[in-house]
Amino acid sequence: MNEKKRQKAAVDQNFCVACGCCVKVCPVSAIEIQKGIAALVDTAKCVGCGRCAKECPASVIELREVSA
Amino acid sequence: MKKRWYDYLWVLSLTYLILGFFNILFAWLGLLCFFIPLIISVSQGTKGYCNRYCGRGQLFGLLGGRFGLSRKKDIPRFMKSKAFRYGFLIFFFLMFFQMLWNTYLVFEGAASLKQVVTLLWSFRLPWHWAYHGTLLHPGVAQFAFGFYSVMLTSTVLGLITMVLFKPRSWCVYCPMGTMTQLICKVKNHKM
């Protein structure tokens, strides 16, 4: 099996302020703010572009390698 | 991405700040920035205001993003801690109540109207040019001066952290943001 490594965005929900900046910049609408508490990434949709991580004012989003 | 009407609310935030230089009574309009987020969080349990309608956040995003007035560095770790965020919220509230108390004193006739805007809770800027008298009680004007002080102070703080860190760094410690998130946590039984 040829195992590919892919990057996916992950939110540290403990420190997320739920401002929604990440939602605005996501090109594939893969992030949503859940109940005004924290952002959650839909890893099935996430293409790992990193725009949300760059935009996040609290810098609580990072790209992690996951095996696809 | 297609722009919606609410993506232009930064125009209102900017207009608000400018109007305060001409007639301080416009400061009362700033109450909208207090009540709308609260109403949305209490009624719907979301941070819809921050997520969509916050003109101030958009203004910082525009200045720091498109106009490049931000270093785009990570905010210090302590500033995103709960202690700092809730601490700032409490401090902000104390200052707010002090402002309300000063307004009350003017309404009661125990103090006279002070035509100053207090920046960063300490620097008293003369602002008499923006007051031309009113048919209403001087207390109405006192509240306007006080409320405009709150709005200008938070804008200045937001601009400073915008330049130093990321454009919307203000959102990390914005008292309204912290408070609405807290309301959402309570309302959605996450606390």
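Tutor: Buried means under 20% relative accessible area. Keep that cut-off in mind; this is a predicted model.

Student: What makes A:C19 buried or exposed?

Tutor: Set the value against the cut-off. A:C19 has a relative accessible area of 8%. The limit for buried is under 20%. So A:C19 counts as buried.

Student: Where does A:C19 lie in chain A?

Tutor: In the loop between β1 (5-11) and α1 of chain A.

Student: Which residues does A:C19 touch, leaving out those up to four places away in sequence?

Tutor: A:P57 in chain A, and B:K47, B:C50, B:N51, B:R168 and B:C171 in chain B. A contact here needs heavy atoms within 4.5 Å.

Student: How far apart are A:C19 and A:P57, in sequence and in space?

Tutor: They are 38 residues apart in sequence. C-alpha to C-alpha, A:C19 and A:P57 are 8.7 Å apart. The contact between them is counted on heavy atoms, with a limit of 4.5 Å.

Student: Now the whole of chain A. What pattern does it follow along the sequence?

Tutor: β-α-β-β-α-β. That is two helices and four strands.

Student: Why is chain A called as compact as a globular protein of that length?

Tutor: Compare two numbers. The radius of gyration of chain A is 12 Å. The globule rule gives 11 Å for 68 residues.

Student: What does the C-alpha trace of chain A span along its principal axes?

Tutor: About 40 × 20 × 20 Å.

Student: How much of chain A is made up of buried residues?

Tutor: Buried residues are 47% of the 68. The accessible surface of chain A comes to about 3900 Å², and 46% of that belongs to carbon and sulfur atoms.

Student: Among contacts in chain A between residues at least 6 apart in sequence, what share joins residues at least 24 apart?

Tutor: 59%.

Student: Turn to chain B. How do you know what span to expect of helix α4?

Tutor: Take 1.5 Å times one less than the number of residues. Helix α4 of chain B, residues 55-66, has 12 residues, and the expected span is 16 Å. From first C-alpha to last it reaches 15 Å, which is close to that.

Student: What follows α4(B)?

Tutor: B:G68, with a positive phi near 65°.

Terms used. Residues are numbered from 1 along each chain as its sequence is written. Chains are lettered from A and ligands numbered from 1 in the order in which they are written. This is a predicted model: local features need pLDDT of at least 70, side-chain atom pairs count only at pLDDT 80 or more; totals for chains, interfaces and linings use all residues. Side-chain values use heavy atoms; hydrogens and water are left out. The radius of gyration is taken over C-alpha atoms; the globule rule is 2.2 Å times the number of residues to the power 0.38. Buried means under 20% relative accessible area, exposed over 50%, partly exposed in between (1.4 Å probe, protein chains only). Accessible areas come from the Shrake-Rupley method with a 1.4 Å probe; for residues, only the protein chains shown count as cover.
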